Amino acid sequence: MNRNDNPLPHVHPLQDWKKIPIHENKEELVSMQSIDSGLLLVKPQYHEKGIVGALNDCYVRREVAIMLVEAARKLPNGYKLMIWDGWRPFSVQSQLYDAYVNQLSNDFPEFSEERLIESARQFVSYPNEDEESPAPHFTGGAVDVTIVDSNGDQLQMGTEFDEFTNSAWTKFYEEKNNTEDLTEDEETFMKNRRLLQHVMTTSGFTNYPAEWWHFDHGNQWWAKQSNEPVAKYGLVKLET
Ligand SMILES: C[C@@H](N)C(=O)N[C@H](C)C(=O)O
Ligand SMILES: [Zn+2]
């Protein structure tokens, strides 16, 4: 990351989500590889990147799996939803968090400890295993996804997965469009993000505003964004 791509705003876009009570409904985690809808592609990114402990599959709560198929059905003919990540082991979340804090502290040595942590948590959740406020990917209710077209190509969204820059903010191109003319490519990124937002949010997911690829259902981030008084998914472990 270069200094002109400072990860600002450095505040977490969701506030006070930790106070939302969790009434755990004990739905099981299901393997996305085992779902044969013909509409989903499972490409576990952290396994592909060689992160130790990352699974070669994506697991989500049962209802979330059903909702992902529903979202994929809303795509144009031949398009598929690509699932990059779902439930995460503690070791994977910790490695992602530590690596990003280290990267930020190298790139921005002048940052105070507080600013470093705030900036890091904008893009990678602290690996909190507290029952009252678990990291979203510990609940089986968080997914990282994109769209693949009928040629098997990923739609261009303007950033790669886990590119932690301002342009990863879901509304980045919408806001740019309000103040200047977008290039043809930028128009495409904006429209592709709109399509992903549409199929996911009309299927019951909420989007995390700092990442166009991250969606939630049932956990505290979802409850916060959809004004639900309680969350239904808390900390869950994968039975092996
Ligand atoms: C690391 C990235 N893919 C992601 O999922 N970020 C959110 C904020 C998280 O770690 O919970
Ligand atoms: Zn995510």
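Predicted model: local features only at pLDDT ≥ 70, side-chain atom pairs only at ≥ 80, totals over all residues.

Student: How much of the accessible area of ligand 1 does the protein cover?

Tutor: Ligand 1 has 320 Å² of accessible area on its own, and the protein covers 100% of this.

Student: What other polar atoms of the protein lie by ligand 1?

Tutor: In the side chain of Ser 125, an N or O atom is 2.6 Å from an oxygen atom of ligand 1. A polar backbone atom of Phe 123 is 2.9 Å from a nitrogen atom of ligand 1.

Student: How many residues surround ligand 1, and which are the closest?

Tutor: The surroundings consist of 17 residues, the closest being Tyr 46, Arg 88, Phe 123, Ser 125 and Asp 162.

Student: Where in the chain are Asp 162 and Ser 125 placed?

Tutor: Asp 162 is in the loop between strand E5 and helix H5 (172-179). Ser 125 belongs to the loop between helix H4 and strand E5. With a relative accessibility of 15%, Ser 125 counts as buried, because the cut-off for that word is under 20%. Between the C-alpha atoms of Ser 125 and Ile 20, which are 105 residues apart along the chain, the separation is 17 Å.

Student: What should I note about the backbone of Asp 162?

Tutor: Its phi angle is near 60 degrees, a positive value in a residue other than glycine. Asp 16, likewise not a glycine, has a positive phi of about 65 degrees. Asp 16 lies in the segment before strand E1 (29-31).

Student: Is Asp 16 buried, partly exposed or exposed?

Tutor: Asp 16 counts as partly exposed, because its relative accessibility is 47%.

Student: Let us turn to the metal. Which protein residues are donors of the zinc ion, ligand 2?

Tutor: The protein donors are His 137 through NE2, Asp 144 through OD and His 214 through ND1, lying 2.0 Å from the zinc ion. Along the chain, the donors follow the spacing H-x6-D-x69-H. The two histidines link distant parts of the chain: His 137 is in the loop between helix H4 (113-123) and strand E5 (142-148), while His 214 is in strand E7 (residues 214-216), 77 residues apart.

Student: What is the general idea behind a nonpolar core?

Tutor: In soluble globular proteins, nonpolar side chains tend to be buried together. Here the largest nonpolar core has 56 residues, and those with the most contacts inside it are Leu 68, Leu 81, Val 143, Leu 196 and Met 200. The elements that give two or more residues to this core are strand E2 (40-42), helix H2 (62-73), strand E4 (80-85), helix H3 (90-107), helix H4, strand E5 and helix H6 (184-201).

Student: Which element gives the most to this core?

Tutor: Helix H2 gives the most, with seven residues.

Student: Where is Val 143 found, and is Val 143 buried or exposed?

Tutor: Val 143 is found in strand E5. Val 143 counts as buried, because its relative accessibility is 0%. The C-alpha atoms of Val 143 and Arg 88 are separated by 9.8 Å, the two residues being 55 residues apart along the chain.

Student: What may be said of Thr 206?

Tutor: Thr 206 lies in strand E6 (residues 206-207), and Thr 206 is buried, with a relative accessible area of 11%.

Definitions and conventions:
Residues numbered from 1 in each chain as written. Chains lettered and ligands numbered in written order. Heavy atoms only, no water. Donors = N, O, S within 2.8 Å, 3.2 Å for Na, K, Ca; no water. Helix = DSSP H or I, 4+ residues; strand = E, 2+ residues; numbered from the N terminus. Near = heavy atom within 4 Å. Polar contact = N/O pair within 3.5 Å; in protein donor to acceptor, adjacent residues only side chain to side chain. Areas by Shrake-Rupley, 256 points an atom, 1.4 Å probe, with all protein chains shown as cover. Core = buried A, V, L, I, M, F, W, Y, C linked by side-chain atoms within 4.5 Å. Buried < 20%, exposed > 50% of the residue type's maximum accessible area, 1.4 Å probe, protein only.
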